[in-house]
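Please read them with the structure open.

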Amino acid sequence: MTTITNHLPTAELQRLDAAHHMHPFTTGDALNKKGARVITKARGVFLTDSEGIEILDGMAGLWCVNIGYGREEMAEAAARQIRELTYYNTFFQTTHVPAIALAAKLAELAPGDLNHVFFAGSGSEANDTNLRMVRTYWAQKGQPERNIVIARKNGYHGSTMGGGSLGGMAPIHSQGGLPIPNIHHIGQPHWYAEGGDMSPEEFGLQRAQELEAAILEFGPERVAAFIGEAVQGAGGVIIPPSTYWPEIQRICKKYDILLIVDEVITGFGRTGNWFACETFGIEPDIITVAKGLSSGYQPIGGSIVGDKVAAVINACEFNHGYTYSGHPVAAAVALENLRILEEEKVLDHVREVAAPYLKAKWEALADHPLVGEAKICGMMGSIALTPDKASRAKFASEEGTVGLICRERCFANSLVMRHVGDRMIISPPLVITPAEIDILIERATKSLDECLAAVKERGLYKAA
Ligand SMILES: *Cc1c(COP(=O)(O)O)cnc(C)c1O
């Protein structure tokens, strides 16, 4: 077998990648023709590729590397745990210190009575757990017909059968027989794209009231739970109007519907608090976590469960779990990540330094001729590209054409900024400094300028 090292020529790595590696959410043939960019190392907020080019990672990997790349203490924590107890399960009346310590720490950090943790290996798995848990909760309470879960169009909850079904993304639903039964999707609180002439506040209320309408249509005795991301991430960093979450909360309470808030992106400081539930004043029954839980240093996720649901689930045998639920190495690394976030006061840095500085610079991008709105919540931001600011118009070209051009300009300018359709999004490591934010904004502005020039040149600067 050949040893695959960083020292092979880029073209050879790309050839092997094309021959053997199937990429997630990718058209393999198209990627294989041009070759994937090979990332070889990373420190802080910067990635390095196989050609030695340094790239500012405006996405913290996939929204996860909250403490930045390459922390020595994290490597030490993993090594220490591998030597001490590499692996053991938590199925058969056994437990271990990392799982105990992490569950207790999460119970301490999470708001309200969210005092219990069911571990998973990822956000998708945790949402699969949630789906089974809320249905089991009602079945145990003698209401097995109460099994409909209401979610949102353009929500993202992962890409397993359960997670992909809870999500409301048409491209995911179009493959593999999703959504599974008894999941219903209502409209998203996306004012910029769908709010028409309403004010954001009116629109937020209206979209939340779609939940009440759906509950009344099915009958409250059929509805188990509502799930939503505090701020939609993969859907395009869509920050809900201020009226949205209070109304959702009111409706869930009124009809005794369990509320699951997916904090896979928003947890662990992304919005300036440990959880976005605090930022938005939401009191959920279950929170989904993953990503920033370990800053992406190890794959780990989980469901943080309130007393009410835990009491019912603990009273039965919940026939569910993963070989790697609470994996000791992943748990030890997550604990070290939480220690760093706490002891280095990373949330204070977000609230007092990084988020205000980034907000001022980011919102100023709204003055760019290609930008219709520039919004940010803590350390996750979006800009909507438009040919006509005043009307919030879409481009005449197929959605995503202009976004992709912009993304490719960013790529060329050594900035990772992702596009979702014709929206550009960022979610940088929380530890980013003002000087690094300056670089991010400088590269984003250059990319927007180049995108505008390309769009004009190709005759795409036209409203639909
Ligand atoms: C990424 C994400 C997930 C899925 O997490 P995986 O670890 O990729 O399975 C679920 N929910 C939200 C909100 C996410 O952003």
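**Notes on the model**

1. A60 lies in helix α3 (residues 60-63); helices (H or I, at least four residues) and strands (E, at least two) are DSSP runs, numbered from the N terminus. A60 is not a glycine, yet has a positive phi of about 45 degrees. With a relative accessible area of 0%, A60 is buried. Buried here means under 20% relative accessible area, exposed over 50%, and partly exposed in between, with a 1.4 Å probe and protein chains only.

2. A word on the basis of these notes: the model is predicted, so local features need pLDDT of at least 70 and side-chain atom pairs count only at pLDDT 80 or more, while totals for chains, interfaces and linings use all residues. Residues are numbered from 1 along each chain as its sequence is written, and side-chain values use heavy atoms, with hydrogens and water left out.

3. D256 also deserves a check of its backbone: its phi is positive, about 60 degrees, although D256 is not a glycine. This residue is placed in the loop between α11 (244-255) and β8 (258-262). D256 counts as partly exposed, at 38% relative accessibility.

4. The peptide bond from L178 to P179 is cis, and its omega is near -5 degrees. P179 belongs to the loop between α8 (170-173) and β6 (183-186).

5. How many disulfides does the structure hold? The count is zero, a disulfide being a pair of cysteine sulfur atoms within 2.5 Å. For C406, the closest cysteine sulfur is that of C410, but at 4.4 Å it is too far for a bond. C406 is buried, at 0% relative accessibility.

6. There are seven aromatic pairs in the structure. Rings of Phe, Tyr and Trp (its six-membered ring) pair if their centres lie within 6.5 Å; planes under 30 degrees apart count as stacked, over 60 as edge-to-face and the rest as tilted. Y87 and Y324 form an edge-to-face pair, because their ring centres are 6.0 Å apart and their planes are at 85 degrees. Y87 is in the loop between α4 (72-84) and α5, and Y324 in the loop between α13 and α14 (328-343), so this pair ties together parts that are 237 residues apart in sequence. Y87 is partly exposed at 29% relative accessibility, whereas Y324 is exposed at 53%.

7. Y244 and W245 also make an edge-to-face pair, with 5.4 Å from centre to centre and 80 degrees between the planes. Both are buried: Y244 has a relative accessibility of 0% and W245 one of 2%. Together with F226, these two residues form one aromatic cluster.

8. R37 sits over F411, 4.6 Å from the ring centre. R392 sits over Y192, at 5.7 Å from the ring centre.

9. Which elements each supply at least two residues of the lining of the second largest pocket? They are α5 (97-109), β4 (114-120) and α13 (307-314). Of the 28 lining residues, T90, V117, F118, F119 and N314 lie nearest the centre of this pocket. The lining divides into 16 nonpolar residues, eleven polar and one charged.

Key. On a 1 Å grid over the protein atoms alone, a cavity is a set of points where a 1.4 Å probe fits but cannot get out, and a pocket is an open set with protein on both sides within 12 Å along at least five of seven lines; lining residues have an atom within 4 Å of a point. Ala, Val, Leu, Ile, Met, Phe, Trp, Tyr, Cys and Pro count as nonpolar, Asp, Glu, Lys and Arg as charged, and the others, Gly among them, as polar. A charge sits over a ring if NZ of Lys or CZ of Arg is within 6 Å of the ring centre and within 35 degrees of the ring normal.
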